[in-house]
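Hi everyone, thanks for coming. Let me show you the structure I have been looking at, and then we can walk through a few of its details together.

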Amino acid sequence: MSHTFELGAERRWSSRYSVGERLWDSFRTFGRDRYGDARLMVVVDEKVMRLHGETLEAECGESFRECVFLQVPEGESSKSVSQWKRLTDALMENSPERGTPLLAVGGGVTGDLAGFAAATLLRGVPLLHMPTTLLAMVDSSIGGKTGVNHPAGKNLVGAFHQPDAVFAQTFFLETLERREWINGLAEVLKYAAIREPQLFGEIEEAAGQGFVPSPRWEDLIHRSARIKAEIVEEDALEKGRRAWLNFGHTFGHALEKIAGYGNISHGEAVFLGMIAACRASELRGAPVDAGRLEPFIPLYRAPYGRYADRVPELIEAMKRDKKVKDHTIRLVLLDRWGEPRLVPCEDEELIGEAWRYAFRNINSTPA
């Protein structure tokens with residue numbers, strides 16, 4: 001079984017999202033219909049290439065007359081200006097044309113890096129995503145955000161560049177490490193918090209049955225992707241409601257920066273950030289109890305305690321977030337479960353208490 005929906009059909013751009021165990025037939029049909037038998041540039045995570053390279057080469061070769069494979073190192077360090085330049089140089093050596101599609105195969109890092117290369121190469125070439133991690137399937141492959149990190153902060157160099165299509169094939173998840181499942185789980189929990197609270201129970205059941213591909217996980221991926229797609233369609237350039245998708249992220253991005261990118265994963269940081277955001281919401285009078293996330297705390301075993309005494313530094317890092325306006329931190333908080341709001345917050349004591357609450361609770365729960 002597979003699920004497909006269209007995003008942006010009534011806008012100047014359009015994008016197709018499909019999730020299923022294997023979608024090679026759909027991939028071939030889409031490629032022929034959209035690009036003919038053109039060349040294909042494939043930017044692929046080196047670990048994914050080791051695990052699935054033969055399949056990728058065979059299936060892509062069935063759809064395009066020539067395929068150029070370029071590998072990028074795994075890990076957050078690849079989301080850098082230097083890696084973007086290296087990748088762009090390699091792409092240019094293969095004489096791309098404006099109609100030459102670029103396929104990004106990998107997790108969020110590969111998708112963001114390759115997407116930025118596609119956005120800037122020849123001022124924009126067609127982009128396709130084939131996400132291989134849970135996080136990429138439910139979040140980073142959807143909505144057109146591309147970019148790399150900068151020493152000043154996460155994702156500060158980038159562009160909006162919508163993919164023509166996303167093919168989320170769940171067979172890739174068979175080789176996904178447990179930590180990466182849990183990394184992506186944070187984004188699924190985010191969608192429950194900001195739009196569909198009834199998902200919490202279903203997520204808990206799916207996690208309890210194990211982190212392996214299944215129809216239940218496929219359904220959760222589809223529903224999560226639909227939530228993000230609906231919000232993106234309302235606000236593609238993040239001028240309003242799309243900021244809701246950053247619930248927990250202003251806290252999380254600050255933790256990633258202070259920890260050093262890659263030492264705490266994005267999902268691990270965002271999960272702690274959601275606990276802090278729930279506490280900040282509660283301190284503002286919202287009927288939001290961070291205890292709703294408690295069943296999932298034992299899954300998150302990052303070295304959070306190393307940073308518990310660095311709250312002032314974390315707040316300073318938050319001041320350099322992209323959503324800062326007029327030198328004021330803006331947080332995505334909840335009026336209640338399923339009802340997010342973007343809130344200017346000058347009360348650093350409230351933010352500090354939210355951080356301290358999150359560190360206390362995530363470190364006090366036994367594994």
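**Salt bridges and cavities**

Let's start in helix α1 (residues 24-35), where Arg28 and Asp25 sit three residues apart, about one turn of the helix. Helices here are DSSP runs (H or I, at least four residues), strands are runs of E with at least two, and both are numbered from the N terminus. Before going on, please keep in mind that this is a predicted model, where local features need pLDDT of at least 70, side-chain atom pairs count only at pLDDT 80 or more, and totals for chains, interfaces and linings use all residues. Residues are numbered from 1 along each chain as its sequence is written, and side-chain values use heavy atoms, with hydrogens and water left out.

Back to our pair: the side chains of Arg28 and Asp25 form a salt bridge at 2.6 Å, N to O. That term means a side-chain nitrogen of Lys or Arg within 4 Å of a carboxyl oxygen of Asp or Glu. Are the two partners buried or exposed? Arg28 is buried, at 16% relative accessible area, while Asp25 is exposed, at 57%. The cut-offs are under 20% for buried, over 50% for exposed, and partly exposed in between (1.4 Å probe, protein chains only).

Another salt bridge joins Asp139 and Lys228, with the closest N and O atoms 3.2 Å apart. Asp139 belongs to helix α5 and Lys228 to helix α8 (residues 215-234), so this pair ties together parts that are 89 residues apart in sequence. Asp139 is buried at 10% relative accessibility, and Lys228 is buried at 6%. There is also a network, in which salt bridges with shared partners join Arg279, Glu282, Glu349, Glu353, Arg356 and Arg360.

A cavity is a set of points, on a 1 Å grid over the protein atoms alone, where a 1.4 Å probe fits but cannot get out; lining residues have an atom within 4 Å of a point. Volume is the space filled by probe spheres set on the points, which are joined across faces, edges and corners. The structure has two cavities of 30 Å³ or more. About 110 Å³ lies in the largest cavity. Its lining has 14 residues, with Lys154, His253, Ala317, Arg320 and Asp321 nearest the centre. Which helix gives the most to that lining? It is α9, with four residues.

The second largest cavity has a volume of about 40 Å³, and β6 supplies the largest share of its lining, three residues.

Terms used:
On a 1 Å grid over the protein atoms alone, a cavity is a set of points where a 1.4 Å probe fits but cannot get out, and a pocket is an open set with protein on both sides within 12 Å along at least five of seven lines; lining residues have an atom within 4 Å of a point.
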